Amino acid sequence: MKILNKTLIYALMGSVSLLFIAPILIVLFTSFKSNEELLLNRPFALPDSFLYLSNYAYFFQVGNVGTAFGNSLVLIAVSVVGNILLGSMVAYVLGRFRFKAKPLILFVYMIALIVPGITTEVARFSLVNQLGVYDTLLAPTLLYVGTDIIQIYMFLQFSRTLPYSLDEAAMIEGASYFKIYYRIFLPLLAPATATVAILKIIGVFNDMYIPYLYMPSAHLRTVATLLIGFTGDRMVLWNYMSAGILVITVPSVLIYLIFQRWIFSGIAMGAVK
Amino acid sequence: MSLQMKKRVFVSSFLLVPLALYAMFVLYPTFKLFQLSFTDWNGLDGAKWIGLDNYREVVQSREVWVSLRNNLIYFLTGLVGVAFSLFLAVLLTGKLRFAKGFRSIVFAPFILNATAVSFMFGFLYETESGAINVALRALGLGFLEQRWLSDASVVNVSLALIVVWKTVGFYMVILIATLQSIPEDLYEAAVIDGAGKWQSFRFITLPCISDIVKLSVFLVFTGSVQTFEQPFLLTGQGGPGYASMTFALYSVHEAFQFSRYGLASAMAVVLIAIVLVVQLTQHILVREKGDNHEDFK
């Protein structure tokens, strides 16, 4: 009875896994299929040859893939660094100091948690326009750095576990506040920083809405908006599209495989919030 | 400089840039949104004050109600997803081989690019060549075939299932984390008292995870009222007709396609109000149980 039960559970786990792997396999197979193979309508069949690369060639040729990856990298680099610096500064001040405006600031930051980002875009759009950064890489960068505040909470929460006695000891030795932040607080925050960085990298890499809205120019496509240009108004050719889907999926999968541990701990941390 | 003064200078200097950016890109647009919602601003000319006209139009518009109904479908489908996540999470807490590998596989879609995932399902849902219909035909279940993305009666569920596929692993992971934090001896004591499997689940597991389940339900809710990408990418912005239009997509549509920023702003305000009401309700529900929500007050 017990063995039967176990077998049943493993069978169930196997079929559920299949539910999550099969779509990716189908896309993988399709990306190596020629137009003639595609027309056979056999999505589960292996391609005639895994060396048929012309879908990938076409995608790289037409898609401006290099530029898109470059743009995404710039956005990621600037917003990750910006978020970590500004987020840790705010967390340091809010976590280590008492001052009158503190409750007000905490309250004000709550607003971003309540108001769905997608709604304010209507009003934000004209502001970005007026600042003269519309259709430049600066627009998404400013928005990512300025509007995302989740890292403040993650840093604040983590900093509670850091002993305050270290700050005091440094203070007795005459270190300035800035020095304590820079030499003690920030380095001790490293585990949280790693988590914030990885979640932020994934977030920016995957965000389609903001780049689509604020950077319509073709040379400002990011990895996430790359595929939109591929649909056009004619029928989608799924073998080309599959190659594109895979090209932009592979980096996420690599990041996931390498940094899984931090991602899971970050999710747990976020959930506690 | 006195210590007090030093502290004040330091605190202000550290808060200056982050708060300035925040005020500019979050507070000001939110304020502006409320203001614009009472005008007929078209993005260019001076805006004229039109009172509650936009709100009247929002309430009377058929498309808005269709959109809201569709958002509700995303919510309900999402709830089924959370139930499935809970089922998987409970399954995985038993001592099983491959549990880690299984968790990694189920979670993976959560970090994949949403655009890529949407298009992937666009392919799977194709009527003739799509894997789902092909598989149904091969299994002799051809009568279950659907025009997944062009039949008005199934399109929303099809799109909502994409979200479920992408997020099941996320909810599973946070539920597993919570389940693992339940002390083992509670279950042992229950067994000694003669409790069966179902009773242990009902009287120990469920109460211990109720807060995180509520959080999940809330996350599903905020996610579903903001649904945008799937219909935007896959059904030609809400088609067929308005059948898969969502609230967020419709407001973006009104703003950037028809330059009706006033109306779109009013819709945004309504959305904020909806989220706020639900959030308050959730807060009260969680508070009731005397839970420690001291963080960030």
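Modeller: A residue is called buried if 20 or more other C-beta atoms lie within 10 Å of its own, exposed if 12 or fewer do, and partly exposed in between, with C-beta atoms placed from the backbone. This is a predicted model, in which local features need pLDDT of at least 70, side-chain atom pairs count only at pLDDT 80 or more, and totals for chains, interfaces and linings use all residues. Residues are numbered from 1 along each chain as its sequence is written, while chains are lettered from A and ligands numbered from 1 in the order in which they are written.

Biologist: Why is A:Phe99 called partly exposed?

Modeller: A:Phe99 has 14 other C-beta atoms within 10 Å, and the class between exposed and buried is partly exposed. A:Phe99 is therefore partly exposed. This residue belongs to the loop between H4 and H5 of chain A. From its C-alpha atom to that of A:Leu137, 38 residues apart along the chain, the separation is 37 Å.

Biologist: What makes chain A more spread out than a compact globule?

Modeller: The radius of gyration is taken over C-alpha atoms, and the globule rule is 2.2 Å times the number of residues to the power 0.38. For the 273 residues of chain A that rule gives 19 Å, whereas chain A has 24 Å, well over that value, so chain A is more spread out than a compact globule. Its C-alpha atoms fill a box of roughly 75 × 65 × 30 Å along the principal axes. Buried residues make up 40% of chain A.

Biologist: What makes H7(A) largely enclosed by the rest of the structure?

Modeller: Eight of the 10 residues of H7(A) are buried, so this helix is largely enclosed. Among them are A:Pro140, A:Leu143 and A:Tyr144. The cover over the buried residues includes H4, H6, H11 and H12 of chain A together with H1 of chain B.

Biologist: How do you know that the span of H7(B) agrees with its number of residues?

Modeller: The expected span of a helix is 1.5 Å times one less than its number of residues. For the 26 residues of H7(B) this gives 38 Å, and the end C-alpha atoms are 38 Å apart, so the two agree. H7(B) also has a kink of about 40° centred on B:Thr167, where the bend is the angle between axes fitted to the seven residues ending at a residue and the seven starting there. In H7(B), 22 of the 26 residues are buried, so this helix too is largely enclosed by the rest of the structure.

Note on methods:
Helix = DSSP H or I, 4+ residues; strand = E, 2+ residues; numbered from the N terminus. Contact = placed C-beta atoms within 7 Å.
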